[in-house]
Amino acid sequence: MLFKSLLPSILAASSLVSSVKADDLPSIEIIGNKFFYSNNGSQFYVKGIAYQQNNLGSNDSFVDPLADADACKRDVPYLEAVDTNVIRVYALDVTADHTECMQMLQDAGIYIIADLSQPDESINRNDPQWNLDLFERYTSVIDKFANYTNILGFFAGNEVTNRVSNTDASAFVKAAIRDTKAYIKAKGYRTIPVGYSANDDSDIRVSLAEYFACGDDDDAADFFGMNMYEWCGSSSFKASGYASATEDYKNLGIPIFFSEYGCNEVSPRKFQEVGTLFGSDMTDVWSGGIVYMYFQEENDYGLVSVSGSSVSTLEDYSYYKSEILDISPTSVQASAESASGISRTSCPTNTDNWRASTDLPPTPDKDVCDCMSESLDCVVKDSVDSDDYGELFGIVCDHVDCSGINANGTTGEYGAFSPCSSKDKLSFVLNLYYMENNKDKSACDFDGSASLQSGTTASSCSAYLSSAGSAGLGTVNGSVRTDTSEATTAAGGSGNSGSSGSGSSGSGSSSASGSSSSASSTSSGSSGSKSAASTVSITTLTKIATVALSVVVGFGLITM
């Protein structure tokens, strides 16, 4: 769990207490298109179960499954009994204590793949953005869990692009992958894979997988998950569609596995697909899968029913147990996989069905956004509710070019200030209007929603603002900053061109067969003084936008 390098200092503090066990699970590493144990090079197959209850009966936006030690103590034995080595969790509360659950999972030999988003903070497929608020959410989860070696990896998105009409959203998820990987590296954490979990849409699934797998290692996904519900009842490798999927992904070049599976159109589920998934037809391409799901809920996908401290196994659990305990997949050693020279697939070409640009959104950089907001003379008042931002954006963008705050994942055109908070972006365009009206005081009013301030430009900001240009259409050098202690104060919740890109299928799942995970978590934010931060520079060219600003009002969890 926690790195052994921490052990001496902990023991020095106390000879009786240690949060590190001598038999920590080895981290899982990626070579070619497979997972391997880092300590001995043997192949690792995902034998997983989705583990997160819904929030019915709670005022919270989600229930963090790793923060309830009593529940973990109740459930881990049932996970162990079906040879579980991975659980998937969809949302985590970074303010909670996860030590006990992580230790119990560690002792049981169970790894975790965690989604970085939560319902109020995830990439919205209908108004996709990659901004400071999301960056701070994602990196806060990484900071909380990076030192547990039984964290196998993170998902940067779940079914965000789920049909032809929203393929542009994938550019924003891929930018999230790029920046979270850079953050992990900049913080000096061990290499932790970051991937994406997709739905199985026949029109886009191949292009979607290729898009996330292709390109430089710094930008591309490390693994790819497929929420697969094609095998229903009694079927076969070919009849289920598994054969065609295996053919489709054979040259992906990164590990791929079922991030959810277990169709419930026929009940009870007998899980006959398990033997095929871990059999010779599939193991050269696929690395196992995660059954949806542990808890019986209104969607009827549960393996067990829980009530307080008691657990009742269902028929699905018995059938799954019989199948999963009977598998014996063939394995290769890491050395052999390394010698095979497997490489990443090439990027998909744009077609009528696929329109995501390989030019990714800028890296969210708080210094850039702060420099911009501090330089403005006309700004939105603090008293204005973020729910009213959408109307203001609509008014002002009818009169000025708002391309400097816009982002277009289809054309690859992104305003220099598109990753900033809703409040900062609204202030930027209000100031544009004020400047275009010769600084007339009446041009900074908007029925009392805006006010004047004395804009200043620090010497450290001059280069940023000069590069961005007065309209925000230039080139900006954004940086992944390792000090994320200061949160943006105007995290928007208004879905619009200046919204904080929140609420969507980024956490929880809505599968092709209708499964729906209730998972998600509360918004997290923190404040603090600005400090010099270690950075990894990522240069992103922001091009002059040629499309009009699309204002979408609305904020919340977007489902299928």
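Analyst: A salt bridge is here a side-chain nitrogen of Lys or Arg within 4 Å of a carboxyl oxygen of Asp or Glu. The model is predicted, so local features need pLDDT of at least 70 and side-chain atom pairs count only at pLDDT 80 or more, while totals for chains, interfaces and linings use all residues. Residues are numbered from 1 along each chain as its sequence is written, and side-chain values use heavy atoms, with hydrogens and water left out.

Arg344 pairs with Asp217 in a salt bridge whose closest N and O atoms are 2.8 Å apart. Arg344 belongs to the loop between α10 (334–340) and α11 (366–375), and Asp217 to the loop between α6 (205–213) and β9 (224–228), so this pair ties together parts 127 residues apart in sequence. Helices (H or I, at least four residues) and strands (E, at least two) are DSSP runs, numbered from the N terminus.

For accessibility, buried means under 20% relative accessible area, exposed over 50%, and partly exposed in between (1.4 Å probe, protein chains only). Arg344 is partly exposed at 22%, and Asp217 is exposed at 51%.

Salt bridges that share partners also join Asp200, Arg205, Glu230 and Asp248 into one network. Within it, Asp200 and Arg205 form a salt bridge, with 2.8 Å between the closest N and O atoms. Asp200 is buried, at 13% relative accessible area, and Arg205 is buried at 7%.

A further salt bridge links the side chains of Asp179 and Arg178 (2.8 Å, N to O); both residues are buried. The whole structure holds 21 salt bridges.
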